[in-house]
Amino acid sequence: MERLRFATVGSVDDGKSTLIGRLLYDSKSIFEDQLEHIEAVSKRRGDDYVDLSLLTDGLRAEREQGITIDVAYRYFATPKRSFIIADCPGHIQYTRNMITGASNVDLAIVLIDARTGVIEQTRRHSLLVSLLGVPHLVICVNKMDLVDYDQAVFDRIRAEFEEFASRLDLQDVTFLPISALAGDNCVTRSANMPWFEGSTLLHHLENVYTASDDNRIDTRFPVQFVIRPQRSEFPDYRGFAGRVAGGVLHAGDDVMVLPSGLTTKITGIDSPLGPVEKAEPGDAVTLLLADDLSITRGDMICRPNNRPRVSQELEAMLCWMDDASPMQQDKIYSIKHTTNTARAKITDVLYRLNISTLHRETGINELKMNEIGRVTLHTTAPIMFDDYHQNRSTGCFIIVDEATGQTAGAGMLLSPRT
Amino acid sequence: MKSSLSGLIDESVTIIREVAAEFERPVLLFSGGKDSVVMLHLAVRAFAPARIPFPVMHIDTGHNFDEVIEFRDRCVADMGVQLIVGSVQASIDSGRIADVTGPRASRNPLQTVTLLDSIAEHKFDAVFGGARRDEERARAKERVYSHRDSFGQWDPKNQRPELWGIYNGRHRQGEHFRIFPISNWTELDIWSFIAEYNIDLPSIYYAHRRPVFRRDNMWMAVTSFLQPEANETVVEEMVRFRTVGDATCTAAIESVASTVEDIIAETSVARVTERGATRADDRMSEAGMEDRKRTGYF
């Protein structure tokens, strides 16, 4: 069965938890002991209704404050697909946690309250979804029951959003008028909105076409681990294990190894379940090669006529995530990109992006926690990469503070501006 | 033909290889329970045809089901891996911890001390655990690479961001990481893997007749470590275990599911989570797991 990873972004006020509760409940994925537990807690706290956010807000601090602080993962399945929900916080002070949850999803759901329309938070969430290159976005205009299921309200919000979104890089946006509380257009079609001809949210999640989201053109295989059995039964086995980051590899393919530039041929592909004919994006495999080349972790296998960029001078959108110390220009950090680790300095902040207004603020030389800027970097070793929008796996990196070990920044590599 | 589980297997295998590449001394926690069995099989497949480049470790409360210990020893022998046993009894004998007494005593919480002592003794810097995020709400919040300070503590409010599948295992001397390669598997995924690849498990996962008694609305097995109180009547029931842990706090469920297929059918329609159905230890408080994890529990 296919698996879809999606993120829900927002706060309790948007009806996010109610929506997740609705999906889980209607797909029979809430268990009795979980429901009994949250019923008991809600009752003890004197709530008027069962607070479904208690299902996902699993930490003591979250339950105390009634907000989502960190990403929670939830799982449910229908006969058509399995789903992994990354339930992300919506508040601006938890932007880094939202990015954590949304970084590797196929689809993101952003909720808009029908009574308030597009607000600053909607713009911020949509910008982050766009920056992270999430392939599919669903805008749920929620609480339609509170605006009398009025088509004019939905149309106005849609137009408002589209006007704003024209400045973003969003590939596939779907608008749905729903009421998570009443259940309209979540799992079953709403009788209250006959004017809406689109599908329900669940139907959309089950059917959204994701097969073309991976980059199947540009062959990229970062070498993760060299397998050399010290066993007499396998005297000559030498395999290069890793996860396909792009393209489709076959036995017989001519390949090039970077940074050495040496070429050879794939003679066989082993998967965890046995030998296979081909390996596709996302597959964890071991490549067997014709020639005995010196290849180590951090090397990149590609095709001789289709290579990633190789450079020590990088340009990226960088989101700062360290609450203890802001990004400092010219400080030495550790950078992790695919299976490669090097050291890096941020040499310049070209601008800081105001994530609420999209304004580019210049004359800045540091980024504080949750701030995003376009920066240039210099690394101690060549990085083999693609533009993030061409390939998420070879276009992303993290910055680690060498003193504290904290994951201090997350970056998306871009082609230098001309 | 691709397995329905292939995306999950790829993710788990990638995590296991990444740890082997980046850490000095990893170890895989192996109790003989189904999640750790699946994790061990994934590790074998991650490095085949080479052997797993790290040992496995069992934290042994001394209060086990015999079938599980027999299975544990057979399994590691078959796979040719090295087994380290961290013994709670030894921690008690050496005075590191005091044994618990009374009819409701369970050594389950004592494991934390033995676990942390064993990690320190062997200087392990990465400890693979078979925890899944669908098990429990505190676990739903935990990263794949979960940092532990030099006291073995988890700080849930200050977890490192974890993006894209790039993992940050940087740590100071004396700190370690708990690694959860099967975070995104559900109970049903685990059983599907067991069915698809014909994985051997301890017999107590399948329905069998056993003397049990009712306690806190759960069926507890009579063992030399757990005896009924005066008002608790022992009966023989067809039961199986949905989880396997310390015998004093792991309950059985009524079931006639004697094959993997039966269990998958039963799990598909289950209305109670596996921990809710069978773990006395999780019922302690609203934040029972979070509190135990903070101090270094699995």
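Which residue in β3(A) stands opposite A:Phe76? I looked this up first in what is a predicted model, and I found A:Phe83 facing A:Phe76.

Entry on the strand pair. I then followed β2(A) and strand β3 (residues 81-88) of chain A, and noted that they pair in the antiparallel sense over six bridges.

Entry on the sheet. I traced an open sheet of six strands in chain A, in the order β2-β3-β1-β4-β5-β6 and with mixed pairing. At its edges I found β2 (72-77) and β6 (173-177) of chain A, each of which pairs on one side only.

Entry on the helices. I saw that helix α1 (residues 16-26) of chain A lies across β1 (2-9), β2, β3, β4 (107-113) and β5 (136-142) of chain A, and that α1 runs at about 30° to β2(A). Helix α5 (residues 95-102) of chain A also packs on the sheet, where I found it touching β1, β3 and β4 of chain A, with its direction at about 170° to that of β3(A).

Entry on chain B. I turned to the division of chain B into domain 1 (6-190 + 287-294) and domain 2 (201-282), whose centres, taken over C-alpha atoms, are separated by 23 Å. I noted that domain 1 of chain B brings 22 residues to the contact and domain 2 of chain B brings 21 residues. On the side of domain 1 that touches domain 2, α3(B) gives the most, with three residues. By class, I recorded seven nonpolar, nine polar and six charged residues on that side of domain 1 of chain B.

Technical notes: Residues numbered from 1 in each chain as written. Chains lettered and ligands numbered in written order. Predicted model: local features only at pLDDT ≥ 70, side-chain atom pairs only at ≥ 80, totals over all residues. Domains from an automatic or database assignment. Contact = placed C-beta atoms within 7 Å. Helix = DSSP H or I, 4+ residues; strand = E, 2+ residues; numbered from the N terminus. Nonpolar A, V, L, I, M, F, W, Y, C, P; charged D, E, K, R; others polar. Pairing = 2+ DSSP bridges. Axes fitted to C-alpha atoms, helices over the stretch in contact; angles between N-to-C directions.
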